[in-house]
Amino acid sequence: MYHIITFTAVEQITVAAGTFECFKVVKYDDGGTHQGTFWFSEEMKREVKWIDQNMGVIAELKSYSV
């Protein structure tokens with residue numbers, strides 16, 4: 001099984017850790033079923049928010065340190 005990844009937008013995302021400019025990334029399985037969405041911050045070098053469609057889970061970055 002492989003995944004199809006699409007970059008759909010650049011958005012400002014606000015989570016408990018702050019506000020970040022992020023790439024919105026949508027992930028599909030090889031059959032085209034939506035698997036999840038995440039927002040990747042170039043500044044943080046990681047996801048700051050993600051939604052897992054299969055498990056119904058929403059997770060957000062709560063804090064970080066340099």
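How many helices and how many strands does the protein chain have?

1. The protein chain has zero helices and five strands, where helices are DSSP runs of H or I with at least four residues and strands are DSSP runs of E with at least two, numbered from the N terminus. Read from the N terminus on, the order of elements is β-β-β-β-β.

2. A word on the basis of these remarks: this is a predicted model, in which local features need pLDDT of at least 70 and side-chain atom pairs count only at pLDDT 80 or more, while totals for chains, interfaces and linings use all residues. Residues are numbered from 1 along each chain as its sequence is written, and side-chain values use heavy atoms, with hydrogens and water left out.

3. On overall dimensions, the C-alpha atoms of the protein chain fill a box of roughly 40 × 20 × 20 Å along the principal axes. Of the 66 residues in the protein chain, 26% are buried, that is, under 20% relative accessible area with a 1.4 Å probe, protein chains only. The protein chain exposes about 4500 Å², of which carbon and sulfur atoms supply 52%, the areas coming from the Shrake-Rupley method with a 1.4 Å probe.

4. Turning to strand pairing (at least two DSSP bridges between two strands), strand β3, residues 34–41, runs antiparallel to strand β4, residues 46–52, and six bridges join them. Within this pairing G36 stands opposite D52 in β4. The two strands form a hairpin with four residues between them, and K45 in the turn has a positive phi of about 65°.

5. Strand β4 is also joined by four bridges to strand β5, residues 57–60, again in an antiparallel arrangement, and here K49 stands opposite E60 in β5. The hairpin of β4 and β5 has four residues between the strands, and G56 takes a positive phi near 70°.

6. The largest nonpolar core has nine residues, namely I13, V15, A17, F20, C22, W39, M44, V48 and L61; such a core is a set of buried Ala, Val, Leu, Ile, Met, Phe, Trp, Tyr and Cys residues joined through side-chain atoms within 4.5 Å. Strands β1 (3–15) and β2 (18–29) each supply at least two residues of this core.

7. V48 deserves a separate look: leaving aside its neighbours within four places in sequence, V48 is in contact (heavy atoms within 4.5 Å) with I13, V15, F20, C22, W39, S41, A59, E60 and L61. For the protein chain as a whole, among contacts between residues at least 6 apart in sequence, 24% join residues at least 24 apart.

Terms used
Buried means under 20% relative accessible area, exposed over 50%, partly exposed in between (1.4 Å probe, protein chains only).
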